[in-house]
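Have the structure open and follow along.

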Amino acid sequence: MKYNRHIFYYCLLVLVLTFSACTQDDSAFDNIVSPSIHNNIEEPDVTFGDNILKNGGLEEWNILPNNSYDYITDWIPHNNGNVKKNWETVNEGKRSAKMQSLKTGSTARVDQCIPVTPGNRIRIRFKYYVELWKTNGARTYCYFRTKAVESSTIPTDELKAFYNDNDYCIIRGGGYGLKYLPINIGTWQTFDEIITVPPTANYFVFGINSYYGTIIYVDDCYVGEEVGS
Ligand SMILES: [Ca+2]
C-alpha cells in the first residue's frame with residue numbers, strides 16, 4: 001500500500017514537472033498569438049514622427065549586379081530569389097513585395113537596419129496579405145543592436161529582463177518576434193505595435209520572414225519614433 005502511494009506521488013510529480021516545462025517558455029506567446037493582432041497602441045499622449053525606414057512603401061527596386069534578382073532599394077539585399085517586385089496585390093502606391101520561399105530551408109526575408117534613440121518609444125507598422133499559408137508561415141523578425149553590425153545584436157536575456165511579456169514577444173533577442181503572424185487568408189491585415197527602445201540599443205532591425213510553402217505580400221512598412229513627449 002505504502003509502495004503504491006509512493007508510485008502515485010512520483011507520477012504526480014513527473015506530470016507536474018512535465019507540464020511546467022512545456023508551458024513555461026511559451027506561455028507568453030500563447031497569450032499573444034491569437035486570431036487577432038495584439039495592438040498596444042492605445043497611448044493618446046504619444047505621437048510618432050516620419051518614417052525612419054527608407055523606401056517603406058516598397059516602391060523602388062533594383063537588380064543585384066551579376067544576376068537577375070530583384071531587391072528592394074535601401075533594404076538589405078538577399079539573392080535567393082524569394083522576394084519579388086509585385087504590381088497586382090498592392091496596399092499603397094504601385095508596388096509591394098511578394099515573399100515566397102522557393103525551397104525548403106530557404107527563407108523569404110525583407111529587412112532593414114535603422115538608427116533609433118535609446119529609451120524612446122517606436123511604432124512598428126506594416127500591412128500584409130496572406131495568399132497561401134503552410135507549416136511555419138510568416139513572422140516578424142525584429143530585433144535591436146548596439147551597433148549596426150550583426151554581431152552586436154542584443155541578447156535574449158537582456159531583453160527579457162527589460163520588457164514585460166507582451167513586448168518581449170514582439171522583439172526578441174537574436175531576432176524572433178511573434179511565432180507567426182495572425183492568419184487571415186485573402187485580405188490585407190495591419191500589424192501595429194509600440195515598443196520602447198532598450199537603453200543599450202542604437203539600431204533597430206525591422207524584418208519579416210516568410211518560410212517555405214507560404215506566400216505573403218508586404219507593403220506600407222513604417223517605423224517612427226515618438227516626438228514631443
Ligand atoms: Ca507600396
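## Two loops with positive phi

Keep in mind that this is a predicted model. Let's start in the loop that runs between β1 (47-48) and β2 (61-63), which is where Asn 55 sits. Asn 55 isn't a glycine, yet its phi is positive, near 55°. Is Asn 55 partly exposed or buried? Asn 55 has 15 C-beta neighbours inside 10 Å, so it counts as partly exposed; being buried would take 20 or more.

Asp 74 is partly exposed because 14 other C-beta atoms lie within 10 Å.

## The chain as a whole

Zooming out, the protein chain has 4 helices and 12 strands. Of its 229 residues, 27% are buried.

What share of the contacts with a separation of 6 or more comes from residues 24 or more positions apart? In this chain the figure is 77%.

## The nonpolar core

Now for the inside. The largest nonpolar core holds 39 residues, and the ones with the most contacts inside it are Ala 97, Met 99, Val 110, Tyr 128, Ile 216 and Val 218. Elements giving two or more residues to this core are β5 (96-100), β6 (108-115), β7 (121-132), β9 (143-145), α4, β11 (203-210) and β12 (215-227). The largest share comes from β7, with 6 residues.

Why does Leu 181 count as buried? Leu 181 has 24 other C-beta atoms within 10 Å, and the cut-off for buried is 20 or more.

Which residues does Leu 181 touch, not counting those up to four places away in sequence? They are Tyr 128, Gly 137, Ala 138, Arg 139, Thr 140 and Phe 191. Tyr 128 is also one of the residues with the most contacts inside the largest nonpolar core. As for Asn 136, its C-alpha is 10.0 Å from that of Leu 181, with the two residues 45 apart in sequence.

Notes:
Residues are numbered from 1 along each chain as its sequence is written. This is a predicted model: local features need pLDDT of at least 70, side-chain atom pairs count only at pLDDT 80 or more; totals for chains, interfaces and linings use all residues. A residue is buried if 20 or more other C-beta atoms lie within 10 Å of its own, exposed if 12 or fewer, and partly exposed in between; C-beta atoms are placed from the backbone. Two residues are in contact if their C-beta atoms, placed from the backbone, lie within 7 Å. A nonpolar core is a set of buried Ala, Val, Leu, Ile, Met, Phe, Trp, Tyr and Cys residues joined through C-beta atoms within 7 Å.
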